[in-house]
2 protein chains.
Amino acid sequence: MRMVSSSSAPGAYAYPLLIKQLLLRAMAVSGAQEIVSGPDFRMTYARFGERLGRLANALASRGVREGMRVGVMDWDTHRYLECFFAVPMMGAALHTINVRLSPAQVLYTINHGKPDIILVHRDFMPLIEEIRPGFERDVIIVPIGDGEGYETLIDAAAPGFDFPDFDENRMATLFYTTGTTGAPKGVSYSHRQLVLHTLGLVAGFGAESGDAGVNRNDVYMPLTPLFHVHGWGFPYAATMLGVRQVYPGRYAPDAILRLIAREGVTFSHCVPTILATLLDHPDCARTDLSRWKVIIGGSALPRGLQDRADAAGISLCAAYGMSETCPFLSVADLNGGTPDSRAHSGYPGPLVDMRVVTPDMRDAPRDGETTGEVAVRAPWLAQGYLDDDEASGALWKGGYLHTGDVGYLRADGSLQITDRLKDVIKTGGEWISSLSLETIVSTCPGVEEVAAIGRPDEKWGERPVLVVRCTEGADPDHVREAALSQIRAKVAVGELSKWAIPDAVLFREALPRTSVGKLDKKALRQILLDDADGTS
Amino acid sequence: MRMVSSSSAPGAYAYPLLIKQLLLRAMAVSGAQEIVSGPDFRMTYARFGERLGRLANALASRGVREGMRVGVMDWDTHRYLECFFAVPMMGAALHTINVRLSPAQVLYTINHGKPDIILVHRDFMPLIEEIRPGFERDVIIVPIGDGEGYETLIDAAAPGFDFPDFDENRMATLFYTTGTTGAPKGVSYSHRQLVLHTLGLVAGFGAESGDAGVNRNDVYMPLTPLFHVHGWGFPYAATMLGVRQVYPGRYAPDAILRLIAREGVTFSHCVPTILATLLDHPDCARTDLSRWKVIIGGSALPRGLQDRADAAGISLCAAYGMSETCPFLSVADLNGGTPDSRAHSGYPGPLVDMRVVTPDMRDAPRDGETTGEVAVRAPWLAQGYLDDDEASGALWKGGYLHTGDVGYLRADGSLQITDRLKDVIKTGGEWISSLSLETIVSTCPGVEEVAAIGRPDEKWGERPVLVVRCTEGADPDHVREAALSQIRAKVAVGELSKWAIPDAVLFREALPRTSVGKLDKKALRQILLDDADGTS
């Protein structure tokens, strides 16, 4: 058999996929376009490009070399965006530290992730001082602030830096995801994966007619923390497209609404909680949000929230992914006509091999109802957890990444997540989706927020229980009655099993959340166990 | 220094970039979408997917194995599209044979490219019979026709085929480009390059607002022969997006116009000549072309043609690339407001490193006038010519691919090609762009087509000469006068050097063209040399 391989000239450039190449078009074409950060800072892309060289020189002068790791603890600012590029472009790995974790967890991720140097915004210096005695190795701490420290560092450094070529499989980023059990787990992405994810994101969100999806004339503002899967990868995509970008800094609803109005923001992404916070703010009614497109991910899009967003003129669309998937896997119909279709977990992105499988890895039929675990392949999936062979092996059992999510595929290829595998309520022989109960109850008058969880039950294994946060002034008894009658109505028409009717509806002033804003069902289950009044 | 590389679980799928993955989304989501071929054939994507397995089994039963090469000689049909996928997906290389070359050249490309088997449409069987005695090795010839041969082959084969994984750098496609001198040169692309080109194409053409560029609801028809750089790569992009596709078969203006009308075609790409042929056809005036977007490449977009297309309601936009660049390098502003801006060679695509360089590889200033050779890097450039080290080395001199095109960059990052390096007219110390002369004269009344070439001149090196094909009934003397006075007017306002005024304007019934429809300046120069009446 003849070898078939492409001929390669001696001088031919093999073009490893590197993050620096995401800048090529933007630097050539969008030099005059602006990047805005908070109320007071703005720069052109041309200046941004120059600052990347300065940042690299500043880091190099503090000892950063290829192969090292650079941690960042900051709000969502232009500083963070600059680190997204300059650090990996130097050949170092960017460790985006989750500042919302408990001090003990932050310490754990630092000791496990082993950054050589950490840039720390002054707001997080008290935290660093608190945990510093627990550091297991020397870490250089570089305090940065608004204006002062970071800008001094940039100004003092030389502008030019020769960003080298290297293996595209080199680690570019590292962050930690808080699982359901045990310590946070390290997830890393290579240059190749991030470049491919960026192309996949633009190919998946860009080719829509009209103004749907992502366009070159959008104005982009992330509302997912940049430590969370690189702000879902959109900052890389926005930069490759050379669009106007707006960074909100520390999340404050009034400041975000002001920036949206002042800068004409048209595209954002966030978890439902963040959107709810903005809609709850009194300034919201005075802000024109009719040009604002928002991708909702991280959790299912509650119908009640969707209705409120629709009323405010926002174009909402759901997407699906997770920390281990970089995160883009699927997105609902961006031009979708109905609220239902825009809340679907969506159609797989380009190159995404999306399956719903039985425990023995056979495909569930695409019938819009048979559920199984979502298992995927794509060119940008985490290849394992850092230094955790057991969890890595479980993640990739059978050669597909196991999302831990339960869902079904419709005949048209769109996915519907029905629950987290671990959140499914197993009662008798039935699997009840906690999400479907939450969706139904979220639209009841008086319900601000709701969680459905399985309470251990000797006879049935588990029984569903609702935990509700009421809107101000709502009568809990009325709310309970409304919730149960909505569920009974769904049972009556056969949309829910009779086993789905909750044993109890409890009320709380606040529901516990994880560091990225999702309902913390682990904590909720603990509350139920600790709670003696756990009957309706 | 600590090693920095991503951890990889034992079962983790490393995801080599392979052409089969371009089908994943389409098969999951667009199963009911249609692919149309000529007046009589249509199939769904689901059927297309099934047929790929059948084609692979049919080829395997004829001895095709991984590492072999499969040639195709066909019109632009669904058969060709099926070969675009099934052949590389088997691990074989697809040799797209240029059927417009002379028989001697076709023979050369077959002997040089070494296909093991060739699928030949019955229209090209006489050509094959003519050159077969010259074959230097055994080649299996499989005759295919409309319906009969090919469909029998598909129907007789089993549907399922397990397309394997392999190295993403394996050769996927091979074709020949006719250079300015010497024999055709072999250009090949790997799976990785074609997948990246597809993502780059969709990212580069997709993220436009409104209906500009490429959208999911476009209806696609290629009008660049599929043997020419895989129809510029758009069939792969259209398939990845799962859009409706229409294949024209053998190019016949009336049939193409009927298909555009009947199938609602909205997106095509072609060289200027093909568009001119359609606009010349009497049925054109009766066809609604107001929803049709056409990308023009291969040659500069003549202003005269652009005006005619505008009048017909067509949205025209120029793009730039070449056989050795897969081909996408740049595209003009797809939402561009002015005819001028839509005729620019355009803005570099994502990940494209585009330079205009002096002979010693220094960057020309981006001033909108200083010309140099266009030199590029991108993840999808040919790494050399097949078995031609000397030409490969010249192509990649200095680590950048040398396009052989002369142009300049504007301050906004857009490129303007002014000429082929070899077509520049060098007169005295001046370089005159043949293209700028052609552009000016193309708008003169009575000019159907025009070429500007340098005629050897003892005193000046070269002197410009125009060769014109007149519109029917035009008076050559009037045309000559109009052409020269237009050029003199540009000289008077300083837009052209006085050396650009042609020494002669010649008239011909037809201008010679290359196999892909470009003006053949090599042949034109020969005509001038052979022509005794070469004075005005």
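Reply:

**The domain contact in chain A**

Within chain A, 16 residues of domain 1 are in contact with 14 residues of domain 2, two residues being in contact if their C-beta atoms, placed from the backbone, lie within 7 Å. On the side of domain 1 of chain A that touches domain 2 of chain A, the elements giving two or more residues are α11 (272-280) and α12 (303-311) of chain A; helices (H or I, at least four residues) and strands (E, at least two) are DSSP runs, numbered from the N terminus. That side divides into 5 nonpolar, 8 polar and 3 charged residues. Here Ala, Val, Leu, Ile, Met, Phe, Trp, Tyr, Cys and Pro count as nonpolar, Asp, Glu, Lys and Arg as charged, and the others, Gly among them, as polar.

Domain 1 covers 19-382 of chain A and domain 2 covers 419-530, with bounds from an automatic or database domain assignment. Taken over C-alpha atoms, the centres of these two domains of chain A are separated by 31 Å.

This is a predicted model, in which local features need pLDDT of at least 70 and side-chain atom pairs count only at pLDDT 80 or more, while totals for chains, interfaces and linings use all residues. Residues are numbered from 1 along each chain as its sequence is written, and chains are lettered from A and ligands numbered from 1 in the order in which they are written.

As for the contact between the chains, chain A and chain B contribute 70 residues each. The largest share of the side of chain A that touches chain B, 5 residues, comes from α7(A). By class, this side of chain A has 34 nonpolar, 24 polar and 12 charged residues.
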